[in-house]
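Work through the exercises below with the model open. Each task is followed by a solution in steps.

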Amino acid sequence: MRSALNDYRAFRALPPHLQLTIITSFVFNCGFFLVIPFLASHMKDDLAFAGALVGVVLGVRTFAQQGMFFFGGMIADRFGIKPSLLIGCLVRIIGFLFLGFAIEPVGMITGAVLTGLAGALFTPAIESAVSTWAHEVETSGGITRKETWGIYAVFSQMGSVVGPGLGAILFGVPFPLVCTIACGAFFVMFVLLALKLPRHIEGLEYSNPLDSIRAITANRAFIIFAVINASFLITYNQLYLALPADISRQGMPGGLIAWYFGLASIISILGQMPLARLAIAKGFRTTLVRAYVIMAAAFLPLLAVSPFAGHGEWFQALPAIAMVILLHIGFMLSAPMTRDLTAVLARERHVATHMGVVGTMGGIGVLVSSTITGSLLEYTTEPSLLSVIPWIGCMVFPICSAIAFSFFPFPESEPTN
């Protein structure tokens, strides 16, 4: 309780614009997680899409977002975060309306592209603002930037609790209505940001896109880091495919997915700041290697039970619960470190574009991996030894990243363990 109170006081001590961007992440996640975790079930159960097509739609959404982060970052660096945020809110509203009301693959893919493009507009902008202002707080004697990223993650995860929680309450309500409600969250933020966020924000310099591109192409260490770190998003994206597949194997109702995401968010809220401080104490290399090993190990419980049929008993949910817990421990360890490392490798310049490149690398990986995983998960429909194949595939990327980070030239000396 005392730790939570201290974290709240640390948040209240942050500059007003930094507080607003952190709150924005909470509201955005409320709307996002009200829709996206249920999208796969809607396409399979309501629209009768094949598993591979579901994987394509989810992959296209993530790629449109993460793949366009590079351009979204350049837009934020060139024109400022406010235009990026406002346009992103409007595009996300249109995208959700497509996802809610489309009944053909073309309409769903259009909605997926627009939904992802919206994220590409506002996510690098928010992350750039948080990185810049948190660095100023740290240099002026406040909390470290890594701790600020931890607070940011806590607020994001609180949104991830509220979103799936509302989804569980609304489960059984027509999906178009759910999407319409989610649009309301983004409209609220559009109005709030339009009224409260100034057009020009001190501390964020506007830059020519060509200068941003030159800075990135000349930064070999950053490019290598962005490639290695792509498996973070690849691994996280597996949740949207793995959980519905395991729920189907168990013979459980599709609404159970909301409780998994709610559990994940509660774990993240309670554990993010303690794990962020542990990560700071251990340093970049030790933390990231361990984080990716934990992410890979998260799929072992589902691998172990996948050859066996489920019968709807509650205890058969335990392997998926273990997966969710382990994955999010890995995420909580790595996320503050990789965001801070991005700004460090960027030398604190063109930060939005650098954040965008990290997202784009992940988006490329997700587009390929989700299509493959969506097809491989067809093996889980019937219990057999072949059912282990998708889970082995999910483990490959984080294992490769753990190995790569053990050799990466981090720009700081590691603390003595």
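**Exercise 1. Describe helix H7 and what follows it.**

Step 1. Gly-141 follows H7 and has a positive phi, near 100°. Helices here are DSSP runs of H or I with at least four residues, numbered from the N terminus.

Step 2. This is a predicted model, in which local features need pLDDT of at least 70 and side-chain atom pairs count only at pLDDT 80 or more, while totals for chains, interfaces and linings use all residues. Residues are numbered from 1 along each chain as its sequence is written, and side-chain values use heavy atoms, with hydrogens and water left out.

Step 3. With 35 residues, H7 spans 50 Å from its first C-alpha to its last, close to the 51 Å expected at 1.5 Å a residue. The expected span is 1.5 Å times one less than the number of residues.

**Exercise 2. Work out how H7 packs against H8.**

Step 1. H7 (residues 105-139) and H8 (residues 145-169) pack at an angle of about 135°, and their axes are 8 Å apart. Axes are lines fitted to C-alpha atoms, for helices over the stretch in contact, and angles run from 0 to 180 degrees between N-to-C directions.

Step 2. H7 and H8 are therefore oblique to each other (under 35 degrees is roughly parallel, over 145 roughly antiparallel, 65 to 115 roughly perpendicular, and the rest oblique).

Step 3. From H7, Ile-126, Glu-127, Val-130, Ser-131, Ala-134, His-135 and Glu-138 meet Arg-145, Thr-148, Trp-149 and Tyr-152 of H8; contact means heavy atoms within 4.5 Å.

Step 4. The residues of this contact of H7 with H8 comprise five nonpolar, three polar and three charged. Ala, Val, Leu, Ile, Met, Phe, Trp, Tyr, Cys and Pro count as nonpolar, Asp, Glu, Lys and Arg as charged, and the others, Gly among them, as polar.

**Exercise 3. Classify the pair H6 and H9.**

Step 1. The axes of H6 (residues 81-101) and H9 (residues 175-196) come within 8 Å and cross at roughly 170°.

Step 2. H6 is therefore roughly antiparallel to H9.

Step 3. The contact of H6 with H9 divides into 20 nonpolar, two polar and two charged residues.

Technical notes
Helices (H or I, at least four residues) and strands (E, at least two) are DSSP runs, numbered from the N terminus.
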